[in-house]
Amino acid sequence: MTVIVAIPVLVIIASLIQPFSSAWRHLADTVLIDYISNSLLLMVGVGFGTLILGVSAAWLTAMCDFPGRKILSWAFLLPMAMPAYIIAYTYTGILDFAGPVQSTLRATFGWGYGDYYFPQIRSIGGAICMLSLVLYPYVYMLVRIAFLEQSTAVLEASRNLGKKPWQTLFSVALPMSRPAIVAGVSLALMETLADYGTVAYFGVSAFTTGIFRTWYGLGELTTAAQLCAFLLLFVFALIMAERWSRQRLRFHHNSANKKLVRMQLNGWHAYIAWLIGCLIVGLGFVIPATQLLIWASSRWQENLNGAFLSLLLNSFSLAAIAAICCVVVATFLAYTKRVFNSRLELGAVGVASLGYAVPGTVIAVGVLIPVAWLDNKIDFLSRTWFDIPTGLLLSGTIGILVFAYVVRFLSVSLNTVESGLSAIKPSIDESARSLGSGPGQVLKRVHLPILRSSLLTAALLVFVDVLKELPTTLILRPFNFNTLAVRTYELASDERLVDAALPALAIIVIGLLPVLLITKSILNERASHE
Amino acid sequence: MPQRPAPLNTALGTVFALLTFFIAPTFSYGDELNIYSARQESLIKPLLDRFTVLTGTKINLVTGKGDALLTRLRSEGLNSPADVLLTVDAGRLYRAQQAGVLQPISSQGLNEAIPQHLRSPENRWYGLSIRARVIIYASERIDPSELSTYEALSAPAWKGKICIRSSNNIYNQSLVAGIIASQGMEKTEAWLNGFVENFARPPAGGDRDQIKAVAAGQCDVAIVNSYYLGGMINSDDKRQQEAASKVHLFWPNQNDRGAHINISGAGITQSAKNVGSAKRLLAFLANDESQQWYGETNNEFPVRPEVDVSKTLSAWGPFKADQLNVGELGRYNADAIMAMDRAGWK
């Protein structure tokens, strides 16, 4: 199983065996430095951005109490439903030189071009802001769970020892949540590295734009795959470095059976909490969603038809199937890792989970090549042995698409399941086993109830990701099969943002359903402890 | 007989349901045509539907980016279900021909209807609509007598006045490839260095954004595909209309080789199971009705000069187009990119 999931990534890495073409010389002489430095800058920026936004949101809603905390705690998840390329389109529409904000400024003050300073939204800074605004929920979600599941005793001890709340945050809560923080930030960073839509639209020459330029422009698929392979090696090295640095640390907690005492925020403290919340949610969701709503409302009669309903259905069912498959595979892998803990297994899981850092189109190629090869092989054998042509069995079906999603989003589900699993002490297994439970029963009666929120979270993350996913869907989908993301992209790439707004809004609305569902279940779970 | 526990039944049922859902190869019954299209659905589906009505041939469509579809076609090999590959630029068709996935088409009708420079010399693909890349200028600030050719835009007088999108865009790559084909590499590089120097801002956004920037005064001229201007003129969006009204279209290089053009076009795949219908489709896409449709819905020019064009297009007047075979744009595409990289065109 692990090996199958790792194949597409291995196909990409295997491109390194092929000879390096003269295109490398050209890249090294001209644009490679740009690609690398811009991508590193993006990573640093989005890393800090998501860390600050995500941890503050998690701290406010998990550790503090103030009027309306529950509302904020789900509102913080809203930006997750917003695809990065869509938020980029909308903010460009709003903030660009020809957009309403600058036009109003010019009309009000009688300025012309060059008379005033206005930050350029289409820049690397703009890309960092856009990506941070929609990717921080990964950090928020995982860190919030970690905060909630943290032993209250430790936090109370810290407070009783006279530490101030923020000292508790930095010296106790954050270090204890390190696996969750790392999982969240690394998801955000991998998505940043794989992002093509935003950077391409903003004209930032990042590593992904370079990969596509090399492939589409120079016609060098092999060189493009090699670039991608180097990107993967880099990500792999980062992951390994992080693993190594916390090798000796273990992050098991006692099950928190004591009621968590939240810090009560009153008066202006509560206002500040709200201010922070409104700022984050407003920028990451309310403003762009309102703009989309304005656009969509002007054209909804023409665009809302039967074809649109089938887009809804396709997107929803595809995302649901992929989410289930991903969680099943991730749970299986996480357990194999926990039980066997062999080097080979660890390596294969590591390789497989790299898929998230790979641009979707490249993953698609990594899936396409071996699957089509297999299909053709089966057809050949079936022709020679039974004289029956089978054609392509898997290529061009929903099956290959779901497989590609599993490869691409395994890391999302795996990280979440693993960080949930890491909170279960091995001693719990041991006691359950010593009380006569078989491994299956341990899973069913002990782990599953504890893991429930992690599994749900993993499913939600994949669901929303697949809903937003574009490049893999675009290249691998069957005939006559479209999704909301495909439609949004086609219209937006034709620069018809107003028409693109309706399917974009639909992605966001469908993405919100599981967000609401899951937050409810997470909130309830905590309530049942209390 | 012991009953199977209910959960197992449900599980098995689900597995079978999923299997049929997952492994459902596209067997073709009756007359069907499978198309891989780099042209997006809304800009081709109405024509294909019309073809189905006329011929009874059912059409199955996958849209995507040209190179991605080409990669899919290549890896699927001779078992690929695709009969026809549709692209929105000649370079991809050239590349598909190089990759050996297109078969020669013997069609007297197509050869007579479509001018020689708009189809493959080996009859592997045919242009179906023309997309012209033109200069747009701010009518308030620029007098058209100041404009002449693409090449002239590298003069220092244009410093800080030109808007154009990123060199990642295929139409810019083709434009430069066309200049390389006519002027040679050395002259092109010299031109690029001056031209890039004149950019008003780092390249970003699409062609409509460049037109908006000219209208808003951020730059004086832009190079864009003409159908984007047509789209803005005919837009329901007041602001787009307003922006479009502030600019004019200029046909470059009318006194030498003509304006740079590209095509959308199609070829029949090596794996095609239904060559007859595929040929009928190509002929249909080249007939008067379809050719006019390109103009009316997407403001593109017909490949057949005798076909009438829409009001928007005729308002721009007749123009001289570059007679270079559009396949050459594909040949020089990689050279164009490398030259743009060296000149620092982001």
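Tutor: What follows is a conversation about a predicted model, going from chain A to chain B.

Student: What makes chain A count as compact as a globular protein of its length?

Tutor: Start with its make-up: chain A has 23 helices and 2 strands. Its radius of gyration is 24 Å, close to the 24 Å that the globule rule gives for 530 residues, so chain A is as compact as a globular protein of that length. Along the principal axes, its C-alpha trace spans about 75 × 70 × 50 Å. Buried residues account for 53% of the 530 residues. Among contacts between residues at least 6 apart in sequence, 84% join residues at least 24 apart.

Student: Which domains is chain A divided into?

Tutor: The assignment gives domain 1 (40–202 + 265–297), domain 2 (205–246) and domain 3 (304–482). The C-alpha centres of domain 1 and domain 3 of chain A are 28 Å apart. Their contact takes 17 residues from domain 1 of chain A and 18 residues from domain 3 of chain A.

Student: Which helices of domain 1 of chain A each supply at least two residues to the side that touches domain 3 of chain A?

Tutor: Helix H7 (124–149) and helix H10 (178–194) of chain A do. H10(A) gives the most, with 8 residues. By class, this side of domain 1 of chain A has 14 nonpolar, 1 polar and 2 charged residues.

Student: How do you know that helix H22 of chain A is mostly covered?

Tutor: Count its residues: 9 of the 10 in H22(A), residues 484–493, are buried. To be called buried, a residue needs 20 or more other C-beta atoms within 10 Å of its own. Those of H22(A) that pass include Arg487(A) and Glu490(A), along with Leu484(A) and Tyr489(A). Just after this helix, Glu495(A) takes a positive phi of about 60°.

Student: What makes a set of residues a nonpolar core?

Tutor: Its members are buried residues of the listed nonpolar kinds, joined through C-beta atoms within 7 Å. The largest nonpolar core here has 282 residues. Among those with the most contacts inside it are Ala322(A) and Val406(A), as well as Ile136(B) and Ile211(B). H7(A) gives the most to this core, with 20 residues. Leaving aside neighbours within four places in sequence, Ala322(A) is in contact with Val402(A), Tyr405(A), Val406(A), Val462(A) and Val466(A).

Student: How many residues of chain B are in contact with chain A?

Tutor: The contact joins 52 residues of chain B with 47 residues of chain A. Elements of chain B that each supply at least two residues to its side include helix H1 (6–22), strand S2 (58–63) and helix H15 (333–343). That side of chain B divides into 20 nonpolar, 19 polar and 13 charged residues.

Student: Why can we say that the buried residues of H12(B) line one face of the helix?

Tutor: First, name them: in helix H12 (residues 288–298) of chain B, they are Gln291(B), Tyr294(B) and Gly295(B). Seen down the axis of H12(B), they fall within an arc of 90°, so they line one face. In general, an α-helix has 3.6 residues a turn, so residues three or four places apart point the same way. What covers the buried residues of H12(B) includes strand S4 (125–138), strand S9 (301–302) and H13 of chain B. Asn299(B), which follows H12(B), has a positive phi near 55°.

Student: Why is Phe319(B) called partly exposed?

Tutor: It has 19 other C-beta atoms within 10 Å. Buried needs 20 or more and exposed needs 12 or fewer, so a count in between is partly exposed. Phe319(B) lies in the loop between H13 and helix H14 (327–331) of chain B. Not counting residues up to four places away in sequence, Phe319(B) touches Trp251(B), Gln254(B) and Ala259(B).

How values were computed:
Residues are numbered from 1 along each chain as its sequence is written. Chains are lettered from A and ligands numbered from 1 in the order in which they are written. This is a predicted model: local features need pLDDT of at least 70, side-chain atom pairs count only at pLDDT 80 or more; totals for chains, interfaces and linings use all residues. Helices (H or I, at least four residues) and strands (E, at least two) are DSSP runs, numbered from the N terminus. The arc is that of the directions from the helix axis to the C-beta atoms. Two residues are in contact if their C-beta atoms, placed from the backbone, lie within 7 Å. Domain bounds come from an automatic or database domain assignment. Ala, Val, Leu, Ile, Met, Phe, Trp, Tyr, Cys and Pro count as nonpolar, Asp, Glu, Lys and Arg as charged, and the others, Gly among them, as polar. The radius of gyration is taken over C-alpha atoms; the globule rule is 2.2 Å times the number of residues to the power 0.38.
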